[in-house]
Amino acid sequence: MGGLPLALRMAHRIPMFVRLVVTGAGLAAGILVMALMPSVVSLTAVAAGVGLLSGLNGPAIVTLYQQSAPEDRMGAAMSTLALAGIGTAPISIAVFSSLSLVLGIQTTWLLCGTIAFVSPLAAVLALRHPARAEEPAPVEQLPVPAAA
């Protein structure tokens, strides 16, 4: 049996802390290490590890986002999430490619890896202080509609 079918069957059993924080730290560290790889072969090996980690991290982020969004606003919430990823890509490419002209490619990758460590820190905070859903008002406090 291949790794992917096994991962698909086992991913939900991995604690959320591991799927968000540990893989997020691994992704950030992987980006830093990729900047320092001396050969294409070693770069490819590290990139494969980063890809595997993102296969656990990304779906966990989407799952928590969906669980946190109000059900009646799920479409808007998912659109916002998609725009946050897709919409920032052109800006990110422009900023970091321009920055690489000044700092150099390796230094820019090291900067990106350092910035990526914000993700697991944010995940720790989010898991420690989850947003609480608003409780519905008791029935006796709900406004009574006027008779027409």
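The second largest pocket of this predicted model is lined by Ile 61, Leu 81, Ala 84, Gly 85, Thr 88, Ala 89, Ser 92, Phe 96, Cys 112, Ile 115, Ala 116 and Ser 119. Two or more residues of this lining come from each of helix 4 (74-86), helix 5 (89-103) and helix 6. The volume of the second largest pocket is about 450 Å³, and its lining comprises eight nonpolar and four polar residues, with no charged residues.

Helix 6 (residues 105-116) also packs against helix 2 (residues 16-36), with the two axes coming within 7 Å and crossing at roughly 170°. Because angles over 145 degrees count as roughly antiparallel, helix 2 and helix 6 are described as roughly antiparallel to each other. On the side of helix 2, the contact involves Ala 28, Ile 31, Leu 32, Met 34, Ala 35 and Leu 36, while helix 6 contributes Gln 106, Trp 109, Leu 110, Cys 112, Gly 113, Thr 114 and Ala 116. By class, the contact of helix 2 with helix 6 holds 10 nonpolar and three polar residues, and no charged ones. Cys 112 and Ala 116 of helix 6 take part in this contact, and Cys 112 and Ala 116 are also among the residues lining the second largest pocket.

A further pairing joins helix 6 to helix 7 (residues 118-128), whose axes come within 5 Å and cross at roughly 5°; helix 6 is therefore roughly parallel to helix 7. Here Thr 114, Ile 115 and Ala 116 of helix 6 meet Val 118, Ser 119 and Pro 120 of helix 7, a contact with four nonpolar, two polar and no charged residues.

With regard to confidence, the protein has an average pLDDT of 85, and 81% of the residues score at least 70. Confidence is highest in helix 6, at 95, and lowest in helix 1 (residues 3-10), where the mean is 62.

Conventions: Residues are numbered from 1 along each chain as its sequence is written. This is a predicted model: local features need pLDDT of at least 70, side-chain atom pairs count only at pLDDT 80 or more; totals for chains, interfaces and linings use all residues. Side-chain values use heavy atoms; hydrogens and water are left out. Axes are lines fitted to C-alpha atoms, for helices over the stretch in contact, and angles run from 0 to 180 degrees between N-to-C directions. Helices (H or I, at least four residues) and strands (E, at least two) are DSSP runs, numbered from the N terminus. Angles under 35 degrees count as roughly parallel, over 145 as roughly antiparallel, 65 to 115 as roughly perpendicular and the rest as oblique. Contact means heavy atoms within 4.5 Å. Ala, Val, Leu, Ile, Met, Phe, Trp, Tyr, Cys and Pro count as nonpolar, Asp, Glu, Lys and Arg as charged, and the others, Gly among them, as polar. pLDDT is the predictor's confidence in each residue, from 0 to 100. On a 1 Å grid over the protein atoms alone, a cavity is a set of points where a 1.4 Å probe fits but cannot get out, and a pocket is an open set with protein on both sides within 12 Å along at least five of seven lines; lining residues have an atom within 4 Å of a point. Grid points are joined across faces, edges and corners, and a volume is the space filled by probe spheres set on the points.
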